[in-house]
Amino acid sequence: MTESDPRTQIMTIGERLSTSGLVRQSEGNLSIRLTHSRCVVTSTGSDLGRLDKSDLVEIAVDATEIPPGASSESQLHLELYRKRPEIGAIVHAHPPRLLQLDAE
């Protein structure tokens, strides 16, 4: 895979989010559009800072059923891709500092 490969890009973004302190381990999820009709999403429980190919689940944008292992938020990602074809990727982060504010 090259740096221009969408799968490599999503793994790099996950690592950057983690090193920047915007996510912790498996909090949040990511997806990236491969083509107009296909995307990949992170798998349930994957450590966003240490993603590899096995953590990515390919899904058809028009899928009605989510494949086993795909993030529980996959349906939301797919709906956004369907409604907004110009969207190329989605980042759903859970910044620890923001969550801390919510708990106060």
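Residues are numbered from 1 along each chain as its sequence is written, and side-chain values use heavy atoms, with hydrogens and water left out. In this predicted model, local features need pLDDT of at least 70 and side-chain atom pairs count only at pLDDT 80 or more, while totals for chains, interfaces and linings use all residues.

The chain has 3 helices and 4 strands; helices (H or I, at least four residues) and strands (E, at least two) are DSSP runs, numbered from the N terminus. Read from the N terminus on, the elements follow the order α-β-β-β-α-β-α. Of the 104 residues, 37% count as buried, where buried means under 20% relative accessible area, exposed over 50%, and partly exposed in between (1.4 Å probe, protein chains only). The chain exposes about 6400 Å², of which carbon and sulfur atoms supply 50%; accessible areas come from the Shrake-Rupley method with a 1.4 Å probe, and for residues only the protein chains shown count as cover. Among contacts with a separation of 6 or more, 47% come from residues 24 or more positions apart, a contact being heavy atoms within 4.5 Å.

In soluble globular proteins, nonpolar side chains tend to be buried together. A nonpolar core is here a set of buried Ala, Val, Leu, Ile, Met, Phe, Trp, Tyr and Cys residues joined through side-chain atoms within 4.5 Å. The largest such core has 12 residues, including Cys39, Val57, Ala70, Leu78 and Tyr81. At least two of its residues come from each of strand E2 (38-42), strand E3 (56-60) and helix H2 (74-83), and E3 gives the most, with 3 residues. One member, Tyr81, is in contact with Ser31, Ile32, Arg33, Cys39, Val61, Ile87, Gly88, Ala89 and Ile90, leaving aside its neighbours within four places in sequence. A second, separate core holds 10 residues, among them Met11, Leu17, Val40 and Leu51.

Ser31 sits in strand E1 and counts as buried because its relative accessibility is 2%. Its side chain makes polar contacts with the side chains of His77 (2.6 Å) and Tyr81 (2.7 Å). A polar contact is a pair of N or O atoms within 3.5 Å; within protein, one must be able to donate a hydrogen and the other to accept it, and residues adjacent in sequence count only if both atoms are side-chain atoms. Not counting residues up to four places away in sequence, Ser31 also touches residues including Ile10, Val40 and Ala89.

Helix H1 comes next. Its 14 residues (residues 6-19) should span 20 Å at 1.5 Å a residue, and its end C-alpha atoms are 20 Å apart, which agrees; the expected span of a helix is 1.5 Å times one less than its number of residues. At the start of H1, a side-chain oxygen of Asp5 comes to within 3.1 Å of the backbone nitrogen of Arg7. Pro6, Thr8, Ile10, Met11, Gly14 and Leu17 are the buried residues of H1, and they pack against strand E1 (29-33), E2, E3 and strand E4 (89-92). Ser18, also in H1, is partly exposed at 28% relative accessibility. Although Ser18 and Gly49 are 31 residues apart in sequence, their C-alpha atoms are 4.9 Å apart in space. Just after H1, Gly21 takes a positive phi of about 80°.

Side chains of opposite charge can pair when their charged atoms come close. With a salt bridge taken as a side-chain nitrogen of Lys or Arg within 4 Å of a carboxyl oxygen of Asp or Glu, the count comes to 6. Glu58 and Arg7 form one of them (2.7 Å, N to O). Glu58 lies in strand E3 and Arg7 in helix H1, so this pair ties together parts that are 51 residues apart in sequence. Glu58 is partly exposed at 36% relative accessibility, and Arg7 is partly exposed at 24%. Arg7, Arg38 and Glu58 are linked in a network of salt bridges. Within helix H2, Arg82 and Glu79 lie 3 residues apart, about one turn of the helix, and form a salt bridge whose closest N and O atoms are 2.9 Å apart. Asp47 and Arg50 also meet in a salt bridge (4.0 Å, N to O); Asp47 is partly exposed, with a relative accessible area of 25%, whereas Arg50 is exposed, with 67%.
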